[in-house]
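Notebook open, structure loaded. I want to look up a metal site and then a sheet.

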Amino acid sequence: MEKILCGVDLGGTKLSVGLVYPDGRILDKITVFDHTGKNEDSTVNYITELVRQVISVNNLRESDLEGIGIGFPGHVRYRDGYTITTSNLAGFKNFPLRDSLSRNFSVPVRLDNDANAQAFCEFKFGAGRGYDDLIFLTISSGIGAGIVLDRKIYRGITGTAGEFGHTIVDPHSDYLCTCGNRGCLMACACGLTLPQMFKKKTEEGIKTTLPLKDDFDFSQVDGKMIKQGLEINDPVSRSIVTDCADYIGIGIYNIFQVFNPPIIILGGGLMNLGEFYFIRIKSKFYELARDMIYDPIEIVRSEAEADAGMIGAAALLLE
Ligand SMILES: [Zn+2]
């Protein structure tokens, strides 16, 4: 029998543990949301328990697994299997996550950053099938990316390559990034910055036509609300989405100049903003790239769905 892959998507809100066939289909999965209060060791024990559970309910044994892949929402020191830092979970500063989990199993354990895992998922099973090189950019509450070069994840010396969210696209920007710098792509165009943008546009005198509740405060502004705004042609929402799309366009233009990739795949929750957003991103990119595109470049949406993190983590075993 072909061995089964086990993928662990350790997210800031959900933890999914699943069994995945080598062709990317899911055999079974367990998703929980009560892992966030746990410390590092308890998290390792919880993951161990969930992996054993999903194996046993499917009448499998650990020896039926090819191994276990973990996607982590933060910086990872890949060669040592350490998590370096994360803003999505408490703790995990320089924590040996890979080896801690490894001690509970006899099959190999791989640990990587979640965006790398998702990029590899697109490469193996999604919009990047058939390409040797691709860049995957995820645009959600934050912005991250994964680089696949010559059919392998490119990680850099530490394992943190592909942090395009922290490339600076506007040094005079009003928006400060979580890293402390001004005008990072993330600060200018990610979900977390939408409340600040909404406030700024309102202060500049643009009037929203969105129905705001009596107890409205700007912290309630999120991608869903802005999408509703787009649907009713709200000037504030349109202006925000235009700005965000232009910055993403600049970001992928920079990526294009560095890597000259055949395909750039865009994923993450903010892609749900729809066609207006996606078309604006592409038009900004083509405006900047001018006549410097000598071979076709595809800019496409991710094909991955909600389980991309988990499938990608499992796919790390196929690298
Ligand atoms: Zn930054």
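Before anything else, I note that buried means under 20% relative accessible area, exposed over 50%, and partly exposed in between (1.4 Å probe, protein chains only). This is a predicted model, where local features need pLDDT of at least 70 and side-chain atom pairs count only at pLDDT 80 or more, while totals for chains, interfaces and linings use all residues. Residues are numbered from 1 along each chain as its sequence is written, and side-chain values use heavy atoms, with hydrogens and water left out.

Entry: zinc. I looked up the protein donors (N, O and S atoms within 2.8 Å of the metal, 3.2 Å for Na, K and Ca; water is not among the atoms, so sites may look incomplete). They are His166 (ND1), Cys177 (SG), Cys179 (SG) and Cys184 (SG), 2.0 to 2.3 Å from the zinc ion. Their spacing in sequence reads H-x10-C-x1-C-x4-C. I get a tetrahedral site, with angles of 102 to 129 degrees among the four donor atoms; four donors count as tetrahedral if all angles lie between 85 and 135 degrees. Cys177 has 8% relative accessibility, so I put it down as buried. Cys184, at 0%, counts as buried too.

Entry: sheet. Strands here are DSSP runs (E, at least two residues), numbered from the N terminus, and two pair if DSSP finds at least two bridges between them. I find five strands in an open sheet, order 3-2-1-4-7, with mixed pairing. Strand 3 (26-32) and strand 7 (109-113) are at the edges with a single partner strand each, so one side of each has no neighbour in the sheet. Strand 1 (residues 4-10) pairs antiparallel with strand 2 (residues 15-20) over six bridges. Leu5 has Val20 in strand 2 as its bridge partner.

Key: Helix = DSSP H or I, 4+ residues; strand = E, 2+ residues; numbered from the N terminus. Tetrahedral: all angles 85-135°; square planar, octahedral: opposite > 155°, others 65-115°.
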